[in-house]
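Here is a friendly walk through a few local features, from a strand to some helix pairs. Have the structure open as you read.

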Amino acid sequence: MMGGKEHTVSAIRRNDDSIEYFYVKKEKKPALQRLKKIPFIRGIVAIIESAANGSKHLQFAGDRYDVNPGEEVEESAEEGSKLQMILGVAAIGVLSFLFGKFIFTLIPVFLAQLFHTWFPGKVAQILLESGFKLVLLLSYIYFVSLTPLIKRVFQYHGSEHKVINCYENGLPLTVENVQAQSRLHYRCGSSFMLFTVIVGMFIYFLVPTDPFWLRIVDRILLIPVVLGVAFEVLQWTNACRNIPVLRYLGYPGLWLQLLTTKEPKDDQVEVAIASFNKLLEIEKDPNNITLN
């Protein structure tokens, strides 16, 4: 899946080796456009939009996975039913993201509390909580990446990064040129996940850890704050990636991508190139291309 300022495009390879495309035009609602200009708020809006939009593309790919062309389930002829389906998929995507963030935020709190007798101080508890959160995140990504399906998804993820890096380096988009690129990229959402752990740790130092019920309430209420600040940190590290010293600030996020991306095969790179070229064709303005 590739994203631009106006559209997002997914390309999938069908069983007959053909490539099929799915397009979604980004809606420009005045209220959302205003929110996207406000620092710290814009990150939350972007995350929700990304979760909703990404779920539509995953639904498209999932409906056609291992299904021969022409054998897809017929969609409802009624436009209203189709709209309800799309909205439902988007809502599920957003709710799934929020539920996942809720779980990954609270489980480390309870784990750290179990060691309160041995590590009673505020600093110790926050460091312990952040450590558990990091271990939980890395363990989850590692173990799901061992499944064949997720491994394939991560290979496609790596191919997306390679294509973007090849394009940004001004090279022709050939399989050979793309494969020579790094599968890591500063603007990747995987980096954002790690930054939420780091940013959250520093923000938690500003609020009390006792009593325990207040700590839980604080963590829940601070979820949008952590997301908003982490998004700004991600944007800042990307802006500084060409500055010799400051570029290292983005390295923790890049290291996480060693788990969330895998080296792709040539046929997967071909699909990523096809998706990117189709996006260039639709967007018309190369400056509109971004990385989701």
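Let's begin with Ala 11, which is buried, since its relative accessibility of 13% falls under the 20% cut-off. Keep in mind that you are looking at a predicted model. Ala 11 sits in strand S2. Setting aside neighbours within four places in sequence, Ala 11 touches Ile 19, Glu 20, Tyr 21, Val 271 and Ser 275. Another pair to look at is Ala 11 and Tyr 23: 12 residues separate them in sequence, and their C-alpha atoms are 9.1 Å apart.

Ser 10 also belongs to strand S2, which covers residues 7-13. Ser 10 is buried, with a relative accessible area of 6%. Its side chain has a polar contact, at 2.5 Å, with the side chain of His 57. Beyond neighbours within four places in sequence, the contacts of Ser 10 are Met 1, Glu 20, Tyr 21, Phe 22, His 57 and Ser 275.

## Backbone features in the loops

Now for some backbone angles. Asp 17 has a positive phi, about 75 degrees, although it is not a glycine. You will find Asp 17 in the loop between S2 and strand S3 (19-25). Is Asp 17 buried or exposed? With a relative accessible area of 51%, Asp 17 is exposed, because exposed means over 50%.

Phe 40 is another residue other than glycine with a positive phi, in this case near 75 degrees. Phe 40 lies in the loop between helix H1 (30-35) and H2. Its relative accessible area is 45%, so Phe 40 is partly exposed. In the loop between helix H7 (189-204) and H8 you will find Pro 211. The peptide bond that joins Asp 210 and Pro 211 is cis, with omega about 0 degrees.

## The two sides of helix H8

Helix H8 covers residues 212-221, and its buried residues are Arg 215, Ile 216, Asp 218 and Arg 219. Why do these buried residues line one face of the helix? Viewed down the axis of H8, they fall within an arc of 160 degrees, so they line one face. Turned away from that buried side is the face with the exposed residues Trp 213 and Leu 221.

## Helix H2 against helix H9

Helix H2 (residues 41-64) packs with helix H9 (residues 223-239) at an angle of about 95 degrees, and the axes are 7 Å apart. That angle makes H2 roughly perpendicular to H9. On the H2 side, the contact is made by Arg 42, Gly 43, Ile 44, Ala 46 and Ile 47. H9 contributes Pro 224, Leu 227, Gly 228, Phe 231 and Glu 232. Sorted by class, this contact of H2 with H9 has 6 nonpolar, 2 polar and 2 charged residues.

## Helix H4 against helix H5

Another pair to inspect is helix H4 (residues 122-145) and helix H5 (residues 148-168), whose axes come within 7 Å and cross at roughly 105 degrees. H4 and H5 are therefore roughly perpendicular to each other.

Which residues meet in H4 and H5? From H4 there are Ile 141, Val 144 and Ser 145, while H5 brings Ile 150, Lys 151 and Phe 154. By class, the contact of H4 with H5 divides into 4 nonpolar residues, 1 polar and 1 charged.

Definitions and conventions:
Residues numbered from 1 in each chain as written. Predicted model: local features only at pLDDT ≥ 70, side-chain atom pairs only at ≥ 80, totals over all residues. Heavy atoms only, no water. Axes fitted to C-alpha atoms, helices over the stretch in contact; angles between N-to-C directions. Helix = DSSP H or I, 4+ residues; strand = E, 2+ residues; numbered from the N terminus. Parallel < 35°, antiparallel > 145°, perpendicular 65-115°, else oblique. Contact = heavy atoms within 4.5 Å. Nonpolar A, V, L, I, M, F, W, Y, C, P; charged D, E, K, R; others polar. Buried < 20%, exposed > 50% of the residue type's maximum accessible area, 1.4 Å probe, protein only. Arc of directions from axis to C-beta. Polar contact = N/O pair within 3.5 Å; in protein donor to acceptor, adjacent residues only side chain to side chain.
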